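Please keep the sequence and the coordinates at hand while reading.

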Amino acid sequence: MSKIKSLEDLRRLRVEQERNEITRQNTGVQVIVGMGTCGIAAGARDAMLTILEEINKRNLKVNITQTGCIGMCQHEPLIDVIIPGEDRITYGLVTKDIARKIVAEHIVNNNIVKEAVIGRIEKQ
């Protein structure tokens, strides 16, 4: 984040934070990012920031949450995508490029990014 040097910078920050708040509200579509120490060490923070950026860019309403380590450290960064009525998909080794692809393909167009899938929980 850059330094706030003017009232305009502060207003721009407020708009950005309000947009981030909207993406954290529960709207049905959920993205869960593994943010345990193993995930952070593997780049989970970059993956999450990329997803937030892509969601904000497209003005999507998606609930983004964080979780701790889920025990598959070798596949970190891990991201789960849950779309109501669909299977829960777990993506592994998520880079910034894959994070962008998950938003564009899975969340927007409902096409699973098969090359990055490491798990699936069937809908109940």
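## Salt bridges

Arginine 88 and aspartate 80 are joined through their side chains by a salt bridge, with 2.6 Å from N to O. The model is a predicted one. Aspartate 80 is buried because its relative accessibility is 8%, under the 20% cut-off. Arginine 88, at 28%, counts as partly exposed.

The count of salt bridges comes to eight. Arginine 100 takes part in a salt bridge with glutamate 54, where the closest N and O atoms are 3.8 Å apart. Arginine 100 is in helix 4 and glutamate 54 is in helix 3 (residues 44-58), so this pair ties together parts that lie 46 residues apart in sequence. Glutamate 54 is buried, with 4% relative accessibility, and arginine 100 is partly exposed, with 32%.

Arginine 100 also meets aspartate 97 in a salt bridge, at 3.0 Å from N to O. Both of these residues belong to helix 4 and are three residues apart, about one turn of the helix. Aspartate 97 is exposed, its relative accessible area being 56%. Through shared partners, salt bridges link Glu54, Lys57, Arg58, Asp97 and Arg100 into one network.

| Pair | N to O distance |
|---|---|
| Arginine 88 and aspartate 80 | 2.6 Å |
| Aspartate 97 and arginine 100 | 3.0 Å |
| Arginine 100 and glutamate 54 | 3.8 Å |

## Strand pairing

Strand 1 (residues 30-34) is mostly covered, four of its five residues being buried. Strand 1 runs parallel to strand 2 (residues 63-67), and five bridges join the two. Within strand 2, isoleucine 64 stands opposite valine 31. Strand 1 also pairs with strand 3 (residues 79-82), here in the antiparallel sense and over four bridges. Isoleucine 79 of strand 3 is the bridge partner of valine 33.

## Cysteines

How many disulfides does a search of the whole structure find? The search finds zero. Cysteine 38 is in no disulfide, and its nearest cysteine sulfur, that of cysteine 73, is 3.5 Å away. Cysteine 73 is partly exposed, with a relative accessible area of 40%.

Histidine 106 is located in helix 4. This histidine 106 is buried, with a relative accessible area of 2%. Leaving aside residues up to four places away in sequence, histidine 106 touches Val81, Ile83, Ile89, Tyr91, Lys101, Asn111 and Ile112.

Glycine 92 sits in the loop between strand 4 (88-91) and helix 4 (96-108). Its relative accessible area is 6%, and glycine 92 is therefore buried. With residues up to four places away in sequence again not counted, glycine 92 touches His75, Pro77, Leu78, Ala116 and Ile118. Glycine 43 is 49 residues from glycine 92 in sequence, and their C-alpha atoms are 11 Å apart in space.

## Surface patch

On the surface, Ile4, Leu7 and Leu10 make up a nonpolar patch that has about 280 Å² of accessible area together. Leucine 10 is part of helix 1 (residues 7-24). With a relative accessibility of 43%, leucine 10 counts as partly exposed.

Terms used: Residues are numbered from 1 along each chain as its sequence is written. This is a predicted model: local features need pLDDT of at least 70, side-chain atom pairs count only at pLDDT 80 or more; totals for chains, interfaces and linings use all residues. Side-chain values use heavy atoms; hydrogens and water are left out. Patches are made of residues with over 30% relative accessible area and no salt bridge: like charges are joined within 9 Å, nonpolar side chains (Val, Leu, Ile, Met, Phe, Trp, Tyr) within 5 Å. Accessible areas come from the Shrake-Rupley method with a 1.4 Å probe; for residues, only the protein chains shown count as cover. A salt bridge is a side-chain nitrogen of Lys or Arg within 4 Å of a carboxyl oxygen of Asp or Glu. Buried means under 20% relative accessible area, exposed over 50%, partly exposed in between (1.4 Å probe, protein chains only). A disulfide is a pair of cysteine sulfur atoms within 2.5 Å. Contact means heavy atoms within 4.5 Å. Two strands pair if DSSP finds at least two bridges between them.
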